[in-house]
Amino acid sequence: MSQPCRICEQPGTHKMGAYVFCDLHYEHVQRERSGIWQADVVSIALLVLFVVVVIGLESWLQPQFSPGSLLLVGVVAAVIPSIIWLAFFYRRDRLEPEPKGMVIQMFILGGLLAAAVGLPLVDDVFAVSDWLGSSPVWAQLLGGLLIVGFAHEFLKYAAVRFSVYNSQEFDECSDGVVYTTAAGLGYATVLNIHFVVASGGVALGTGSIRIVLTMLAHAAFAGISGYFLGRQKFEKRPYWWMPLGLFIAAALNSLFFFFRGMLSQGSFSDFGGTARPWIGLALAVVLTAVVTWFLSRTMRRDIESLLAAEEG
Amino acid sequence: MTMTTAINVMKKEIQSRERLSALLVILLTLLALSLGWAVKTAVANQTRPFASQGISAEAPAGWLAREGTGELVLLARNPASLDQRYRILLLPGSADLTAVADQRNQNRARLDDTFTVLEQTPIVADGRDGYKVSYALVDAAGGSMPAVIEGADYYFPMSDKVVVVSFEAEQADYAAAFAQFQDFRASVAYEGGGS
C-alpha cells in the first residue's frame, strides 16, 4: 500500500474505512475497550458512595464551621470526586497502557478553559444567572442550548481537538471518549470550585450532591463529542459530522439541566419551594450510565462494521 | 507522482478536511452564541401586564410581582436581586405633590432612622408633570450584611389622588438597573395620566 498510516505516517499495511494503518495502529484501532463501560459503572458507584458518606458524616457529626473553614471544606469536597475518578482511571487502565500524563493534561486543560473562558463568558458576558432561571420555558431551553450548552461543550471539544487529537497518542476510536471525558471532568471541577467559592461555602450534604451531579453530567456530555471526534479521526466522515456531535452534546446539556431544575427544585412559588436534590443526582447517574453504555455499544458496532466492510 | 508526493497530497487532503470541520464547529458555536444573545435581549425586554385600582403597568416578565390592597397597587421584585423592586402606590392627596412627598418622607424617617432624602425636585417624566424624591436607606433585615439601598419616588397627580411610582436597588446596582425602571415607569397608565 502506498498510503501512510493515518496515525504515525509510517507505511500503511491495512485498510479500514477510508484510511490506512500500520500493523501496530491497525491493532489499536480495532481494540475494543470493553473495560470502559464496566469501569465507569464502578466510578459512578464510588461517587454516589462519596455523597452518601458525606451526608452520613454531616448528620452524625453535625460539624460547626466558621465561614473560612466552611469555604475550605467546600473546595476540598469539590475536588475529591475528581481525584476519585482519576485514581480509579489509573488503576483500571494499567492493562491497556495509555499515556496517563495526557489524560491529566486534558483534565487540567479542561479546567483552565472553564476558568479562563467558560465561566466569564456564561456568567459575566451573558450573565445567565440573572435571567435564565426566571425566564419563560422557551427561553430557558433556548438559552440553555445556545449559550450554556454550546459554550461549555465547545470548550471541552476544543481542549482535545486542538491538542491531543493530532498526536500519536490519539490512536484508538475510544481515545476521543477518554480524553474528552477527562477534559469534561476538569471543566466540571472548576465549575464546582467556583460554585463553592461564589456561595461562600455550601452545606456539605446538598453541596456534595450538586458537585457529583455536575461532574457526572459534564463527563457524559463530553463523552458524546468525544465519540464523534474519535469516529472523525478514523473514518472519513462528512463535514457536518462534528458540528452534529457538538449540537447533540449541547442539546443534552440544556435538556438535562432544564429537567434537573424542574424535578429537583420542586414546585416553585413566589415565596417558597421544596428542594429535592437527590432527584438531580439520580438523573445524572442514569444519564452517565446510559451514555457510557450507548457509546461503548456503538463504538463496538462501528469497529465490527468497518472490519466486515474490509473483509467483504 | 513519487511516493513522498502522494503521501504529502494525502496528508494535506486529510488536514484540509479536518480544518474545515473544525472551522464549521467554531462557526456553529459563534452562531449559537449570537442567537443566544438575541434570546437574552428578548427576555430582558419581555413584560407582564398588571392592572388594579384604575392603574395599569407592565412589569418585567421574570419578576416576582403581585397586586396589592389599600395604598399598595403593585409590588414587583427582581428574583435575582430581591432588593431591587418597583412599587406603585395610590395615596390620598391634593394637587400639591410637594406636600404629599414631604408628609411621606417624614413618615418614613420616623419609622426608619437610616432614611435620608438626597434630593427632591419637580420634574417632567414620560410627558407627565411630577415630583421626584431621591433617597437612601440601609437595609439590615434578614441577618445578612447591611446594604445601602438607593431609591427614587415619582409622584404624579391622578384626579384627587397621587400615584407614586418607586424604584429601589442596592447602591452598586442602581445606575445599571435604572434604565429598565424607566421603561416600567413609562408603562404606568391611569386616567388623566396615561402613557
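**View 1. Pairing of β2 and β10 in chain B of the predicted model.** In this predicted model, B:I55 stands opposite B:Y190, a residue of β10(B). The two strands concerned, β2(B) and β10(B), are paired in the antiparallel sense, and two bridges connect them. They belong to an open sheet of three strands in chain B, whose order is β1-β2-β10 and whose pairing is antiparallel. Because β1 (47-52) and β10 (189-190) of chain B each have a single partner strand, they stand at the edges, and one side of each is left without a neighbour in the sheet.

View 2. Strand β2 (residues 55-60) of chain B runs antiparallel to β1(B), and six bridges join the two. Two of the facing pairs can be followed residue by residue: B:F50 stands opposite B:A57 of β2(B), while B:A51 has B:S56 of β2(B) as its bridge partner. β1(B) and β2(B) form a hairpin with two residues between them, and in the turn B:Q53 has a positive phi of about 55°.

**View 3. The seven-stranded sheet of chain B.** Chain B also holds an open sheet of seven strands, arranged in the order β3-β4-β5-β9-β8-β7-β6 with antiparallel pairing. Its edge strands are β3 (64-67) and β6 (116-125) of chain B, each of which pairs on one side only. On average, neighbouring strands of this sheet are turned by 15° against each other when direction is ignored. Within the sheet, strand β5 (residues 81-92) of chain B pairs with strand β9 (residues 161-170) of chain B in the antiparallel sense, over eight bridges. One facing pair is that of B:R87 with its bridge partner in β9(B), B:S166. Helix α3(B) packs on this sheet, where it touches β4 (72-78), β5, β6, β7 (128-139), β8 (147-158) and β9 of chain B, and the direction of the helix makes about 145° with that of β9(B).

**View 4. Helix α3 on the three-stranded sheet of chain B.** Returning to the sheet formed by β1, β2 and β10 of chain B, β2(B) is joined to β1(B) by six bridges. Helix α3 (residues 171-187) of chain B packs on that sheet, touching β2 and β10 of chain B, and its direction makes about 155° with that of β2(B).

**View 5. The interface between chain A and chain B.** The contact takes 42 residues from chain A and 33 residues from chain B. Between them the two chains bury about 3200 Å², of which 71% lies on carbon and sulfur atoms. On the side of chain A, the residues that lose the most area to chain B are A:F126, A:L146 and A:Y239, together 19% of what that side buries.

**View 6. Polar and charged contacts between the chains, and the elements of chain A involved.** Across the interface of chain A and chain B one salt bridge is found; B:E13 forms a salt bridge with A:K236, with the closest N and O atoms 3.2 Å apart. Five residue pairs are counted in polar contact between the two chains, with both residues at pLDDT 80 or more. Two or more residues of the side of chain A that touches chain B come from each of α4 (100-125), α5 (128-131), α6 (137-161), α8 (204-234) and α9 (241-264) of chain A. Of these, α6(A) gives the most, with 11 residues. The residues of that side of chain A divide into 26 nonpolar, eight polar and eight charged.

Key:
Residues are numbered from 1 along each chain as its sequence is written. Chains are lettered from A and ligands numbered from 1 in the order in which they are written. This is a predicted model: local features need pLDDT of at least 70, side-chain atom pairs count only at pLDDT 80 or more; totals for chains, interfaces and linings use all residues. Side-chain values use heavy atoms; hydrogens and water are left out. Two strands pair if DSSP finds at least two bridges between them. Helices (H or I, at least four residues) and strands (E, at least two) are DSSP runs, numbered from the N terminus. Contact means heavy atoms within 4.5 Å. Axes are lines fitted to C-alpha atoms, for helices over the stretch in contact, and angles run from 0 to 180 degrees between N-to-C directions. Buried area is the accessible area (1.4 Å probe) that two parts lose on being put together, summed over both. A salt bridge is a side-chain nitrogen of Lys or Arg within 4 Å of a carboxyl oxygen of Asp or Glu. A polar contact is a pair of N or O atoms within 3.5 Å; within protein, one must be able to donate a hydrogen and the other to accept it, and residues adjacent in sequence count only if both atoms are side-chain atoms. Ala, Val, Leu, Ile, Met, Phe, Trp, Tyr, Cys and Pro count as nonpolar, Asp, Glu, Lys and Arg as charged, and the others, Gly among them, as polar.
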